Amino acid sequence: MSTATTTDGRLFALSDAAALLAADSVDTPCFAYRIDLARERFLDLRAALPRRVNLAYAVKSNPGPPLLAELARWGAWFDCASAGEVAAVGTARHAVGAHPAGPSAVPGRMVFAGPAKSEADLRAALAAGARIQVDGIEDVQRLAAWHHGPEPLAINVRVHPLEGVSETASIIGGSGPSAFGVDEEELPQFVGACAEYPTVRLSGLQVFSASNELDAAALLANHRTALGIGERLQSLLGHDLDLIDLGGGLGIPYADDSPELDIRALGAGLAELLAANAWFTGEVVLEPGRWLSGPTGVYLTRVVRVKRSRGTTFAILQGGINHLLRPLMTGQSFPVRSVPDRRGLTVTDSGSEDGAAGELTAYTLAGPLCTSLDRIGTAELGPLEPGDLLMFGQAGAYGFTQAMTNFLSHPVPEQLWLDGSSA
Ligand SMILES: *Cc1c(COP(=O)(O)O)cnc(C)c1O
């Protein structure tokens with residue numbers, strides 16, 4: 001269990017002053033997000049990548065309607081994995097309607113993945129015109145039975161690589177056994193089985209096996225593996241692939257000593273890789289989730305009690321794993337800092353104006369749930385008192401919707417959507 005205490009501004013979307021304003025404007029606990037940061041990150045990433053590379057935002061990382069609408073406005077593609085996500089994207093696109101932004105904002109396309117697609121999922125994805133990433137022959141059989149267009153339905157196969165996958169901590173799963181996709185070594189049989197269904201045409205590939213990767217070279221190595229699989233798939237099929245989806249996995253730092261992913265190196269490396277794979281002339285897709293949404297959000301919660309028990313000092317918070325589950329699930333560090341209240345209503349006795357100096361205590365951050373599982377982590381913080389505000393950074397991805405909100409029936413946290421430099 002670890003939570004990194006940090007005052008490193010780059011890990012927090014909001015300044016202390018903005019965090020106090022946000023926490024005062026609604027009941028805490030709450031999430032606060034900055035739409036302007038999401039826009040900036042999307043445009044920066046798109047500018048860093050070769051033109052052939054389309055950005056499909058992974059909706060699961062944060063399906064917040066204002067965020068989806070902003071990305072839709074700029075022509076983002078979307079990566080969906082349920083009928084609910086397809087509907088959310090449909091609503092966002094409808095909201096944007098005739099008001100796209102930027103000269104190149106043609107509506108993006110949709111890709112659809114998932115290891116256990118229901119009939120409702122597949123039908124929603126088809127109706128939305130999504131490119132479906134089939135996970136096995138069952139998906140192919142259903143699509144073949146439903147599709148009655150004049151042209152065969154173009155589909156992608158998700159392939160689980162045999163080797164050559166780098167993943168620092170298991171989130172998607174590296175190259176071990178996997179619930180996702182067709183194992184690479186079974187590809188020849190799969191291609192043979194697909195040929196039995198002439199109303200679908202296998203003409204693309206998705207490979208995604210590693211998440212939260214901070215090293216551009218490691219991402220590029222996975223992409224090289226994917227292109228190698230693509231080349232074999234194309235020769236097995238005997239016709240050209242028109243789309244290769246390299247998945248998500250672009251990492252963000254969760255601690256002071258973590259670097260930022262070098263997106264320019266990633267872009268340059270992708271350009272080189274595509275140039276070296278002249279056999280492939282189709283479109284490329286990347287599906288970043290965390291990289292786009294994570295740094296846009298913070299989670300704000302107040303200290304309810306401070307308690308010492310047998311040598312451990314607990315800060316017991318308004319919200320715990322019912323709102324922020326990722327630190328417990330991954331065992332990885334998570335940035336947190338205490339936000340000094342400059343009006344002196346909840347003065348800490350750290351003796352310093354910014355509250356960062358003074359004696360540090362190792363607090364075990366516990367939530368309100370009646371289970372000892374409810375621990376966000378431990379953090380070295382200045383003296384805490386009831387009412388003090390804590391801010392968790394990088395909480396825009398895998399935060400609100402990844403938590404176990406309904407457990408113990410506490411109120412659902414508010415989500416604030418800020419736009420502009422108020423932060
Ligand atoms: C979760 C997921 C993503 C996004 O992953 P990040 O690590 O957040 O970039 C992209 N594609 C698929 C298929 C996913 O399941």
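This dialogue explains how to read several features of a predicted protein model.

Reader: Into which domains is the protein divided?

Author: Domain bounds come from an automatic or database domain assignment. Here domain 1 comprises 4-32 + 294-418, and domain 2 comprises 35-293. Their C-alpha centres lie 33 Å apart. Two residues are in contact if their C-beta atoms, placed from the backbone, lie within 7 Å. The contact between the domains takes 22 residues from domain 1 and 20 residues from domain 2.

Reader: Which element gives the most to the side of domain 1 that touches domain 2?

Author: Helices (H or I, at least four residues) and strands (E, at least two) are DSSP runs, numbered from the N terminus. Strand S18 (residues 414-418) gives the most to that side, with 3 residues. As for classes, Ala, Val, Leu, Ile, Met, Phe, Trp, Tyr, Cys and Pro count as nonpolar, Asp, Glu, Lys and Arg as charged, and the others, Gly among them, as polar. The side of domain 1 that touches domain 2 has 10 nonpolar, 11 polar and 1 charged residues.

Reader: How many residues does the largest nonpolar core have?

Author: In soluble globular proteins, nonpolar side chains tend to be buried together. A residue is buried if 20 or more other C-beta atoms lie within 10 Å of its own, exposed if 12 or fewer, and partly exposed in between, with C-beta atoms placed from the backbone. A nonpolar core is a set of buried Ala, Val, Leu, Ile, Met, Phe, Trp, Tyr and Cys residues joined through C-beta atoms within 7 Å. The largest one here has 111 residues, and those with the most contacts inside it include Ala19, Cys80 and Met391. Helix H8 (residues 216-237) supplies the largest share of this core, 6 residues. Both domain 1 and domain 2 give residues to this core, so it lies between them. Leaving aside neighbours within four places in sequence, Ala19 is in contact with residues including Val298, Leu300 and Met391.

Reader: Why is helix H3 described as largely enclosed?

Author: Of the 9 residues of H3 (residues 65-73), 7 are buried, so the helix is largely enclosed by the rest of the structure. Among the buried residues are Leu67, Glu70 and Arg73. Their cover includes strand S2 (30-34), helix H2 (35-48) and helix H4 (83-96). Gly75, with a positive phi near 85 degrees, follows H3.

Reader: Which residues are closest to the ligand?

Author: A residue is near a molecule if its C-beta atom, placed from the backbone, lies within 6 Å of it. The ligand is surrounded by 17 residues, and the closest are Ala58, Ser211, Gly248, Gly289 and Arg290. By class, the shell has 6 nonpolar, 7 polar and 4 charged residues.

Reader: Which residue does the annotation "modified residue: N6-(pyridoxal phosphate)lysine" cover?

Author: UniProt positions are given in the numbering used here, feature names are shortened, and annotations may be inferred rather than shown by experiment. According to the unreviewed UniProt entry, that annotation covers Lys60. Lys60 lies in the loop between S3 and H3 and is buried, with 22 other C-beta atoms within 10 Å. Not counting residues up to four places away in sequence, Lys60 touches Ala81, Glu85 and Gly289.

Reader: Is Cys370, which carries the annotation "active site", buried or exposed?

Author: The "active site" annotation comes from the unreviewed UniProt entry. Cys370 counts as exposed, with 8 C-beta neighbours inside 10 Å. Its place is in the loop between strand S15 (361-366) and strand S16 (375-381). Gly367 also lies in the loop between S15 and S16, but Gly367 is buried, with 25 other C-beta atoms within 10 Å.

Reader: What is the form of the peptide bond from Thr28 to Pro29?

Author: That bond is cis, with omega near 0 degrees. Pro29 lies in the loop between helix H1 (16-25) and S2.

Definitions and conventions
Residues numbered from 1 in each chain as written. Predicted model: local features only at pLDDT ≥ 70, side-chain atom pairs only at ≥ 80, totals over all residues.
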